[in-house]
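Work through the exercises below with the sequence and the 3D structure open beside you. Try each task before reading its solution.

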Amino acid sequence: MTPLFRLPENLMDVSALPVFYHQLHQALDLGLKEHPDDIRRLFHGRGRRWPGLEQLTADWLDGQLLVSLFREPEPAFLAGLNALLQTLTEQDIWQQSGARALLLQHRSREGAPVEVLWGTLEPRPQVREQGLRYQLELGRNQNHGLFLDMRLGRRWVQQQAQGKRVLNLFAYTCGFSVAALEGGAELVVNLDMARAALSRGRDNHRLNHHDLSKVTFLGHELFKSWGKVRKLGPYDLIIIDPPSFQKGSFALTQDYHKILRRLPELLTASGQVLACVNDPDIPSRFLIDNMAEQAPALRFVERLDNPPEFEDTDPEAGLKALVFGR
């Protein structure tokens, strides 16, 4: 498959940093007014809207501002970034925000370390999104436990879940499961080979006072577990949100079709599928065409919107969350 685009290895221009500062300041001010209690992305350089800042993001995590670098910058860029962030902590908007920490994550370095620039790191914050609570972990892994670009996907699942049996594949920390239970799901089956992530998923359900008798956690490798998955079905809603690559178990372009071909035997007669791809090089057509080939009884219904703060100059480079139904 021909890639849609590739970000150059280092798109970091020190002269663009004032733009970052201005956008971050504006987003922080707006966020405090419009959604003061929610976690939210404040700056999305990955959307390529601001030249020279493509490897930079900033997320508001309930009082902790996490700035992430996706490539190792030149020393001048890093020094300029640190100086601007220090300036931010001296502004009225920062004092009014209730911020407790300013963090800089170096995602390209081994272990994706987090540097504390101001305040004190709270490593296991409990945060809120759309009225629900989630447990994050900061400073230990590359990802903190909740993918913010999937906010509207979780909302859609919550809206669809009433009385349904739900299968959540590649469940990670069970964000979709939390949304489904909150929406009145009868049962949710979460499958992920990372048992530690599923354990955090249990914690997420407990934070929201959910009935865990309605939730099943399968810490297995998917392609060796079809029997267990089928036994707990059939399902009214199946969610597929895989990583692009998981060493030794899943490669998106090579293995996604193996899941799609199983859908007809797992779904109820009126079942729905939410199938997702978050690889910027894989377009929506990949899913639509593969579904038509592997499960022709399922038709494409709609693509869910991405949150506005994740705007991309090429919509096909962002998250693709596609709904299919019989």
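**Exercise 1.** State the volume of the second largest pocket and find which element gives the largest share of its lining.

*Solution.* The second largest pocket has a volume of about 360 Å³, where a pocket is an open set of points on a 1 Å grid over the protein atoms alone, at which a 1.4 Å probe fits, with protein on both sides within 12 Å along at least five of seven lines. Its volume is the space filled by probe spheres set on the points. Next, look at the lining, meaning residues with an atom within 4 Å of a point: there are 17 such residues, and Ala27, Leu30, Arg41, Leu42 and Glu309 lie nearest the centre of the pocket. Two or more lining residues come from each of α1 (17-34) and β1 (40-44), and α1 gives the largest share, six residues.

This is a predicted model, in which local features need pLDDT of at least 70 and side-chain atom pairs count only at pLDDT 80 or more, while totals for chains, interfaces and linings use all residues. Residues are numbered from 1 along each chain as its sequence is written, and side-chain values use heavy atoms, with hydrogens and water left out.

**Exercise 2.** Decide whether Glu137 is buried or exposed, and name the side chain with which Glu137 makes a polar contact.

*Solution.* Locate Glu137 in the loop between β7 (132-135) and α4 (151-160). Glu137 counts as buried because its relative accessibility is 9%, and buried means under 20% relative accessible area (1.4 Å probe, protein chains only). The side chain of Glu137 then makes its polar contact with the side chain of Arg140, at 3.3 Å, a polar contact being a pair of N or O atoms within 3.5 Å, one able to donate a hydrogen and the other to accept it.

Definitions and conventions
Helix = DSSP H or I, 4+ residues; strand = E, 2+ residues; numbered from the N terminus. Buried < 20%, exposed > 50% of the residue type's maximum accessible area, 1.4 Å probe, protein only.
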